[in-house]
Amino acid sequence: MTQLRVGHREPEFDTTLIWDKNRTCIPLYLHIHIIMFAVILEEMKMAHVVVLGAGLGGSIMAYELRDALRPEDRVTVVTKDPTYHFVPSNPWVAVGWRKPADVSINLAPIMARKKIAFKAVAAEKLIPEENRIALVDGTSVSYDYLVIATGPELAFDEIEGLGPDANTQSICHIDHATKAHEAFEAFCANPGPIIIGAAQGASCFGPAYEFLFILETELRRRKIRDKVPMTFVSPEPYIGHLGLDGVGDTKGLLESEMRAKHIKWIINAKVKKVAPGEMTVEEIAEDGTSKGEKTLPFGYAMMLPAFRGIKPLMGIEGLSNPRGFTIVDKHQRNPKYPNIFGVGVCIAIPPMGPTPVPCGVPKTGFMIESMVTATAHNLGAIVRGGQPDEVGTWNAICLADFGDSGIAFVAQPQMPPRNVNWSASGKWVHLAKVGFEKYFLRKIKKGKSEPFYESLALKVMGIDKLKETTKG
Ligand SMILES: Cc1cc2nc3c(=O)[nH]c(=O)nc-3n(C[C@H](O)[C@H](O)[C@H](O)COP(=O)(O)OP(=O)(O)OC[C@H]3O[C@@H](n4cnc5c(N)ncnc54)[C@H](O)[C@@H]3O)c2cc1C
């Protein structure tokens, strides 16, 4: 009779025991526990980084994180809209030079290819104490590190009658631009005065100028420009200020272009209210007193609104400022919640100086890319036990298209006085902008933030995304 002795039975006959090399046996459940412990240890090392928002900043943020983190770290993108839209093309969509599909990309297959988890559900509320984002479908996403890239909420409601649900058009979102195009076609059948501009507190002036000149070009092409008086309305203290106190000679270039094209302007302007076909504007003097109000008639109006942070980030003490913008330090990191970073239009930047009517500072594409690169490097360092040490240059490089020409400017750094303060105009700017659109959309489709030839070209031009001297 075979004696049943623990440690001398063949393992295949006993599922509760397992043999090791020395022919002593370990209960199987203990093995499972050891394996589970190893898995937990591995998971403890692994970091889960969530990127909230997948616009210009968020999508390239996810791509750069995939390269900057360790292979075992997880990246998840949570966004309201499953589609990427190239926002700088919106002025072209609004005049019918682009269809929305031309500038839209379905992100899910690209993220899957890059091994980035993708959840197209909007955030309802960020709960930073619990490292968790509550989503509008009732689920939540937890994170070890979070990068906020949610862009702006458009504050149309701050001015009576403003916005695409009321009396003015917008080009801030692809859906607005599509609606603005329908309104433009109806306008062309019955032309009248046009008002283009930006509301008080706006920070994004470049697209307002772009749309003004693109419309002007399109009206000439349709041979109805002679029926359309055009006025530019802006809170800027002078034409070409751009929220940056001008770059190079943007004042001279833009004023001259407006004079040459018979476009009138009102600066230091506060929009009081908009009614159907009528905008009431107050002009403010240098000393802040009122110079009186004017009511301007219009057949078509597009006004860029002031921006604020999105609702899920509002009112979180230490994370957001009173307008809901995410507070970050020079490493793009929030001081109160050091596992939270912010990139893009959603971050808080103080205005560059007092102006009679409030003007914000623009956050432009290249500047956002520099924030993204700094954040990717810093998170890469943190998950490896290091400290964040990279600082984005926040250089502003812009191409403002006028339809058949345009102006370009480079501001290094963004705020004056600057090391590079250059602007120029010409037909080449329009061609360069078309080229840039194709190039950027290709980058998003390929899932690559900065191909080697781009970094080489930037190096040759002496334009950097990261500051050299500020480590530490
Ligand atoms: C009309 C226009 C033209 C511009 N043209 C230029 C230009 O030519 N050159 C230039 O340098 N800059 C330009 N800019 C400025 C800037 O480059 C863009 O605004 C850019 O899109 C900003 O990128 P972002 O990632 O910060 O925000 P966005 O691109 O707006 O992305 C925000 C993301 O957050 C998501 N999101 C929002 N709310 C939620 C939520 N609750 N939950 C989850 N996700 C959410 C959105 O779906 C989106 O994916 C332009 C801006 C505008 C408005």
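Author: Helix H2 gives the most to the shell around the ligand, with 3 residues; helices here are DSSP runs of H or I with at least four residues, strands are runs of E with at least two, and both are numbered from the N terminus. Before going further, please note that this is a predicted model, in which local features need pLDDT of at least 70 and side-chain atom pairs count only at pLDDT 80 or more, while totals for chains, interfaces and linings use all residues. Residues are numbered from 1 along each chain as its sequence is written.

Helix H2 (56-68), helix H6 (206-221) and helix H8 (365-383) each supply at least two residues of that shell. There are 33 residues around the ligand, and those that come nearest are Gly53, Gly55, Gly151, Gly344 and Gly365, where a residue is near a molecule or strand if its C-beta atom, placed from the backbone, lies within 6 Å of it. By class, the shell has 19 nonpolar, 12 polar and 2 charged residues; in this scheme Ala, Val, Leu, Ile, Met, Phe, Trp, Tyr, Cys and Pro count as nonpolar, Asp, Glu, Lys and Arg as charged, and the others, Gly among them, as polar.

Tyr63 is buried, because 26 other C-beta atoms lie within 10 Å; a residue is called buried if 20 or more other C-beta atoms lie within 10 Å of its own, exposed if 12 or fewer, and partly exposed in between, with C-beta atoms placed from the backbone. Leaving aside neighbours within four places in sequence, Tyr63 is in contact with Lys114, Gly447, Lys448 and Ser449, a contact being two residues whose C-beta atoms, placed from the backbone, lie within 7 Å. Tyr63 and Ile444 are 381 residues apart in sequence, yet their C-alpha atoms are 8.9 Å apart in space.

The largest nonpolar core comes next, and it has 128 residues, of which Val49, Val51, Met61 and Leu65 have the most contacts inside it; such a core is a set of buried Ala, Val, Leu, Ile, Met, Phe, Trp, Tyr and Cys residues joined through C-beta atoms within 7 Å. Not counting residues up to four places away in sequence, Val51 touches Gly58, Met61, Ala62, Leu65, Val75, Val77, Val147 and Ala149.

A separate description belongs to the open sheet of 3 strands, which has the order S8-S9-S10 and antiparallel pairing. Strand S8 (123-127) and strand S10 (140-142) stand at its edges, each with a single partner strand, so one side of each is left without a neighbour in the sheet. S8 and strand S9 (residues 132-135) pair over 4 bridges in the antiparallel sense, and Arg132 in S9 is the bridge partner of Ile127.

Some backbone details are worth a look as well. Most residues other than glycine have a negative phi, and most peptide bonds are trans. A cis peptide bond joins Gln412 and Pro413, with omega about -5 degrees, and Pro413 is found in the loop between strand S23 (406-412) and strand S24 (420-425). The peptide bond from Pro416 to Pro417 is also cis, with omega near -5 degrees, and Pro417 has its place in the loop between S23 and S24. Trp394 has a positive phi near 55 degrees, lies in the loop between H8 and strand S22 (396-401), and counts as buried with 23 C-beta neighbours inside 10 Å.

For the protein as a whole, there are 10 helices and 24 strands, and 46% of the 472 residues count as buried.

Methods
Pairing = 2+ DSSP bridges.
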